[in-house]
Amino acid sequence: MSFLRKLFGRKADDRAVARPLWHRTVEIAREKEWYRDCGVADTVAGRFDMITLILSIVLIRMERDAELIEPSVRLTELFVEDMDGQLRESGVGDVVVGKRVGELMSVLGGRLGAYRDALATRDESAMAAAIGRNVNLQDGTDPLLITRRARAFAAGLDLVPAFRVLDAEIGK
């Protein structure tokens, strides 16, 4: 039976450990306050920008704890899986999906670096500049609105113990 299970059985999902955190990250990125109160454009691009902002803040927090390094890799894999599915759903063909996912990963990497640097300085203007470059905003929106809320989210997340981060007990 063991041989047959190995041959035909389902492989354990090693991303399962990070799945609740992924869903919570997306949930936070979709909170209406970002769009209504902070001026993020409620478009596909604006929603992607918010997912990368919140995911970046979560990944930056996870970097601090050795026990969260491996789950952070799984969290990133879930981002890739989700983006792959979103692209396919929007009609992007199989031949192009890999290239587009690679481009989105590059975008995430660039934003992760920009937000890491900006949060490390404790300088509100550095974070506002990073957000101004990387988030699609409604016309006339001041990036400081998003900056203050994002920094508050990051500060709150810094206080959450590692096991609670992994259990997706983050945000409000």
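A pocket here is an open set of points on a 1 Å grid over the protein atoms alone, where a 1.4 Å probe fits, with protein on both sides within 12 Å along at least five of seven lines; lining residues have an atom within 4 Å of a point. The lining includes Ile57, Arg61, Arg116, Leu119, Arg151 and Asp158. Helices α4 (44-62), α6 (94-121) and α8 (143-158) each give two or more residues to this lining, and α8 gives the most, with four. Helices are DSSP runs of H or I, at least four residues, numbered from the N terminus. By class, the lining residues divide into six nonpolar, no polar and six charged, where Ala, Val, Leu, Ile, Met, Phe, Trp, Tyr, Cys and Pro count as nonpolar, Asp, Glu, Lys and Arg as charged, and the others, Gly among them, as polar.

The model is predicted, and local features need pLDDT of at least 70, side-chain atom pairs pLDDT 80 or more, while totals for chains, interfaces and linings use all residues. Residues are numbered from 1 along each chain as its sequence is written, and side-chain values use heavy atoms, without hydrogens and water. The mean pLDDT (the predictor's confidence in each residue, from 0 to 100) is 88, and 86% of the residues score at least 70. Confidence is lowest in helix α1 (residues 2-8), with a mean of 55, and highest in helix α3 (residues 32-36), at 97.

In helix α2 (residues 19-29), the buried residues are Leu21, Trp22, Arg24, Thr25, Ile28 and Ala29. These fall within an arc of 165 degrees seen down the axis of α2, so they line one face of the helix; the arc is that of the directions from the helix axis to the C-beta atoms. Buried means under 20% relative accessible area, exposed over 50%, and partly exposed in between (1.4 Å probe, protein chains only).

The whole structure holds 17 salt bridges, each a side-chain nitrogen of Lys or Arg within 4 Å of a carboxyl oxygen of Asp or Glu. Glutamate 31 pairs with arginine 149 in this way, the closest N and O atoms being 2.8 Å apart. Glutamate 31 lies in the loop between α2 and α3 and arginine 149 in helix α8, so the pair ties together parts 118 residues apart in sequence. Glutamate 31 is buried at 13%, whereas arginine 149 is partly exposed at 22%.
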